[in-house]
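Dear colleague,

Here is the structure that I promised to pass on to you. My notes on its salt bridges and helix packing follow below.

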Amino acid sequence: MPSASAGARGVPEIREAVQLFEAWERSVNDVHAARGFTEAVQILEDYLEREPDTPHRSFIQNLKLSNTRRPLPQL
């Protein structure tokens, strides 16, 4: 049986947000990279608004939280 994160990553919006987060993390020192971060968060927020009963809600919340915490040590 596939893991919950594997199923969530099959959702196009979630997959796109993960790719944006990963690109942002690779270029976290680039001021313009912040746009990718905010775009990823917005994609996930839009998805949750359209799909309020998604089984991937906790995965999305964890994804946003972990990507928000990741750059904190660099500040």
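Lys64 is buried, with a relative accessible area of 18%, where buried means under 20%, exposed over 50% and partly exposed in between, with a 1.4 Å probe and protein chains only. Its side chain meets that of Glu45 in a salt bridge at 2.1 Å, N to O, the term standing for a side-chain nitrogen of Lys or Arg within 4 Å of a carboxyl oxygen of Asp or Glu. Lys64 lies in helix H4 (residues 57-69) and Glu45 in helix H3, so the pair ties together parts 19 residues apart in sequence; helices here are DSSP runs (H or I, at least four residues), numbered from the N terminus. Glu45, at 34% relative accessibility, is partly exposed.

Please bear in mind that this is a predicted model, in which local features need pLDDT of at least 70 and side-chain atom pairs count only at pLDDT 80 or more, while totals for chains, interfaces and linings use all residues. Residues are numbered from 1 along each chain as its sequence is written, and side-chain values use heavy atoms, leaving out hydrogens and water.

The search of the whole structure finds two salt bridges; one of them joins the side chains of Arg50 and Glu13 at 2.8 Å, N to O. This pair links distant parts of the chain, with Arg50 in helix H3 (residues 34-50) and Glu13 in helix H2 (residues 12-26), 37 residues apart. Arg50 is partly exposed at 48% relative accessible area, and Glu13 is likewise partly exposed, at 23%.

Technical notes:
Helices (H or I, at least four residues) and strands (E, at least two) are DSSP runs, numbered from the N terminus.
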